[in-house]
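Me: I would like to go through a structure with you. Could we begin with the terms and then turn to the details?

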Amino acid sequence: MRKLILAISVLALGSAAASADPIADRQAYMKERGKIVGGLAKMVKGEQSFEAAGVQDALKQLEANAEKFDAEAMFPAGSEQGGDTTAAPKIWEDMPGFNAAEDKYLAAVKAAVAAPAADVDALKAQMGALGAACAACHQTYRIKKG
Amino acid sequence: MGLLGKLAGAAVVVIAAGAAAGWLLSAPVRLDAETLAGLKPGDAGRGERIFNAGGCASCHAAAKAEGEARLKLAGGVELKTPFGVFVPPNISQDAKDGIGAWSLEDFANAMLKGVSPSGENLYPAFPYPSYARMKPSDVADLYAFMKTLPAVSGKAPDNRLSFPFSIRRGVGLWKRLYLSAAPVVELAADAPADVVAGRYLVEGPGHCGECHTPRSFDGATVKGQWLAGAVAAEGDGIVPNITPGEGGIGDWSAGDIASYLETGFTPDFDSVGGAMVEVQKNMALLPAEDRAAIAAYLKAVPPHPDGYPPRKQPGKAE
């Protein structure tokens with residue numbers, strides 16, 4: 001009995017080391033992205049005045065966030081269902097495709113960091129490109145749920 | 001003749017009459033003479049806006065087509081529904097495989113009445129129950145625009161439907177019940193112009209209700225839950241509630257809605273996803289006042305709670 005309990009604890013610890021709750025983790029990760037994008041969008045909408053340093057800073061944050069992406073760790077087998085995940089089954093059916101979509105997003109972010117917008121119009125165009133990368137992945141790899 | 005014989009005879013007559021009535025009632029109904037007479041050649045420039053509002057390319061161009069490829073309307077983006085698989089046909093200007101040989105009347109009958117040139121009932125997977133609310137002049141403009149698009153050869157595969165939905169004639173009965181040019185949401189006579197314009201775009205060419213409204217057992221949209229969201233026709237997701245009701249988008253401002261349609265970003269900077277990605281790309285191509293009108297209408301529609309069941313909880317490792 002004692003051995004059994006030990007074995008279970010070891011198993012539980014093992015999975016805890018990977019991630020206690022990959023669904024909550026990846027949702028928090030995506031929310032972080034949204035928050036950074038939100039700061040940029042405020043400037044596009046004119047709710048905040050355009051400020052080049054702020055744009056560069058936000059884009060660098062977005063890059064740091066994007067580089068942390070790790071499909072295998074964030075979407076491990078066994079996290080297909082549960083919580084309020086909106087991950088589509090397609091992620092696990094096509095992990096290479098999922099990674100490729102994420103790579104495109106990272107490339108779009110890096111392109112923006114390399115040439116940060118110098119005015120509001122340029123920022124609007126840059127946001128359009130980033131948004132298209134967000135949408136391209138969400139089109140296939142996310143489903144809305146009730 | 002005995003009583004039994006008389007009864008049998010009566011039964012035969014009743015069945016025959018029923019069959020005859022069913023046959024008549026299921027017959028395709030074309031546009032009336034008055035509408036046809038009012039159908040004047042359209043303007044291709046104006047038609048491009050209708051093409052984008054209607055989202056024609058989303059189903060009739062290749063999946064995820066961009067740029068010029070959006071205008072190659074060879075069909076084939078399958079719609080997998082509980083009734084079977086619908087395959088959008090080639091509606092390019094190819095005379096043999098597409099609709100290049102169709103007259104404006106043919107086109108208007110398909111768009112507004114769901115009837116093909118050869119007199120077949122079209123399946124309402126082609127969203128003519130919405131297009132039926134369109135102005136004939138907009139249909140004429142769309143026809144003119146589509147005439148400027150390339151001919152692409154190659155027929156799309158046939159639909160793969162299960163019985164009894166495989167019987168096209170039956171769609172005629174369905175149309176008698178549900179096909180109407182009348183608006184869904186009644187507006188006051190003094191309703192703001194942008195709300196009225198938005199109603200037209202949403203209920204007509206935009207055909208938003210086709211996905212955002214739940215359907216009854218026979219596939220008709222439930223008008224009492226108009227735009228309340230629905231279980232998605234494909235896959236295991238949902239299409240969101242876009243009324244101001246509980247679960248809907250009541251906390252989005254009109255500006256939020258218009259901005260979402262333009263940029264694909266929600267008010268909390270999530271992004272558009274799923275089938276809406278293609279729709280949003282089309283909406284982004286519309287004039288800004290059209291997006292503002294759609295937003296004004298969505299703020300004015302009757303609120304409904306979600307038209308889909310809540311997610312099963314807790315859902316760990318099912």
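Reply: Axes are lines fitted to C-alpha atoms, for helices over the stretch in contact, and angles run from 0 to 180 degrees between N-to-C directions. Helices are DSSP runs (H or I, at least four residues), numbered from the N terminus. This is a predicted model, in which local features need pLDDT of at least 70, side-chain atom pairs count only at pLDDT 80 or more, and totals for chains, interfaces and linings use all residues. Residues are numbered from 1 along each chain as its sequence is written, with chains lettered from A in the order in which they are written.

Me: At what angle do α3 and α7 of chain B pack?

Reply: Helix α3 (residues 44-54) and helix α7 (residues 136-146) of chain B pack at about 100 degrees, their axes being 7 Å apart. α3(B) is therefore roughly perpendicular to α7(B), a term for angles of 65 to 115 degrees.

Me: Which residues of α3(B) meet α7(B)?

Reply: Among them are B:Ala44, B:Ile50 and B:Phe51, and the α7(B) side includes B:Leu142 and B:Phe145. Contact means C-beta atoms, placed from the backbone, within 7 Å.

Me: What about chain A, how many residues does the contact with chain B take from it?

Reply: The contact takes 20 residues from chain A and 26 residues from chain B. On the chain A side, α7(A) supplies the largest share, seven residues.

Me: What ipTM does the predictor give?

Reply: The complex has an ipTM of 0.83 and a pTM of 0.90.

Methods. Two residues are in contact if their C-beta atoms, placed from the backbone, lie within 7 Å. Helices (H or I, at least four residues) and strands (E, at least two) are DSSP runs, numbered from the N terminus. Angles under 35 degrees count as roughly parallel, over 145 as roughly antiparallel, 65 to 115 as roughly perpendicular and the rest as oblique.
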